[in-house]
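Morning, everyone. Please look at the model first.

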Amino acid sequence: MIKAIFFDIDDTLIKYGKDKVEESALTAINEAKKNEIKIIVATGRGYSFMHQDVKDRVKADYYITVNGSCINDVNGNTVESYPFDLETTNRLIDLLSERDYPFGFKFAQSFQIYNRYEDFIAQYCNKAIPASKLIDNTGKRDYHLQNGLPLDCFIYSPNKEMLNFADSFPQLQFLGVYGDGSECWLKTVNKGKSIKRLTEIIGISLEECMAFGDALNDLEMLCECKIGVAMGNGKEEVKQRADYVTDDIEHDGIYNAMKHFNII
């Protein structure tokens, strides 16, 4: 029996570039809640970067954020987090500043830009991510000294050349993303591991869990859960490794899969 369902956000709950949860997905979630199934969001976004509609209408029991680096409760408070150490943080700052890359750090409650703020937001921000959410800390670069260490670093470098330095940070995993972007977080962290930890906290088993996702950073959570569902609009590798491939996000993918498995 499924007792908890985990949902990615971008291109799973919300079509990228939009700001509202698909109505059929919301209908399915509300039906699942009536059956006392816990609803948990698992996203690469930090809590402060999540769409307001997710907070207002999905109202998840928990949020796994920053690619699994943080577990937040229903109000956004940090339950557990898995940050960089200070030495790694300082080495990244030194290297990225020396090479003059636009870069910033994701924290549990903030996204701080440490170099070339205007260049960073010009590449990072779009309809899905407003510039007002990114804080300019290029002058002091001190947020990590006062508010806890970062969970993730996002970097823009020509042709993603920052990936060439990955071996210099063996404790971090690096991922090339859209454009010239690359991102890194702890190798010991992913959505799947944080899902496993959360099930321990709330007292259920992974055999009682279902997950929906579309992207490569969703693979671990789809594999950890009893039922891993890939969206029809998802990456081909995700579809190949999922237990079930549903319709795409704009064709009632979540609702149809939950009907298929008799969740609702």
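How many nonpolar, polar and charged residues are there in the lining of the largest pocket? The lining has 13 nonpolar, 9 polar and 8 charged residues. Nonpolar here means Ala, Val, Leu, Ile, Met, Phe, Trp, Tyr, Cys and Pro; charged means Asp, Glu, Lys and Arg; the others, Gly among them, are polar.

Some ground rules. This is a predicted model, where local features need pLDDT of at least 70, side-chain atom pairs count only at pLDDT 80 or more, and totals for chains, interfaces and linings use all residues. Residues are numbered from 1 along each chain as its sequence is written, and side-chain values use heavy atoms, leaving out hydrogens and water.

Back to the pocket. Its volume is about 770 Å³. That volume is the space filled by probe spheres set on the grid points, which are joined across faces, edges and corners. A pocket is an open set of points on a 1 Å grid over the protein atoms alone, where a 1.4 Å probe fits, with protein on both sides within 12 Å along at least five of seven lines; lining residues have an atom within 4 Å of a point. There are 30 lining residues, and Asp 10, Val 177, Tyr 178, Ala 215 and Asn 217 lie nearest the centre. Strands S10 (172–176) and S11 (181–186) each supply at least two residues of that lining. Helices and strands are DSSP runs numbered from the N terminus: H or I of at least four residues, E of at least two.

Now the rings. Rings of Phe, Tyr and Trp (its six-membered ring) pair when their centres lie within 6.5 Å; planes under 30 degrees apart are stacked, over 60 edge-to-face, the rest tilted. The count is 18 aromatic pairs. Take Phe 154 and Tyr 156: centres 5.3 Å apart, planes at 55 degrees, so tilted. Phe 154 also pairs with Tyr 178, at 6.3 Å and 40 degrees, so that pair is tilted too. This pair links distant parts of the chain: Phe 154 is in strand S9 (residues 152–156), and Tyr 178 is in the loop between S10 and S11, 24 residues apart.

Buried or exposed? Buried means under 20% relative accessible area, exposed over 50%, partly exposed in between, with a 1.4 Å probe and protein chains only. Phe 154 is buried at 3%. Tyr 178, at 40%, counts as partly exposed.

Tyr 124 sits in helix H4 (residues 117–124). It is buried at 6%. Beyond its neighbours within four places in sequence, Tyr 124 contacts residues including Lys 106, Ile 129 and Leu 134. Contact means heavy atoms within 4.5 Å.

Last, the helices. The expected span is 1.5 Å times one less than the number of residues. H1 (residues 23–34) has 12 residues and should span 16 Å; its end C-alpha atoms are 17 Å apart, which agrees. Its buried residues pack against strands S1 (4–7) and S2 (38–42) and helices H2 (52–58) and H9 (253–260). Just after H1, Glu 36 takes a positive phi of about 65 degrees.
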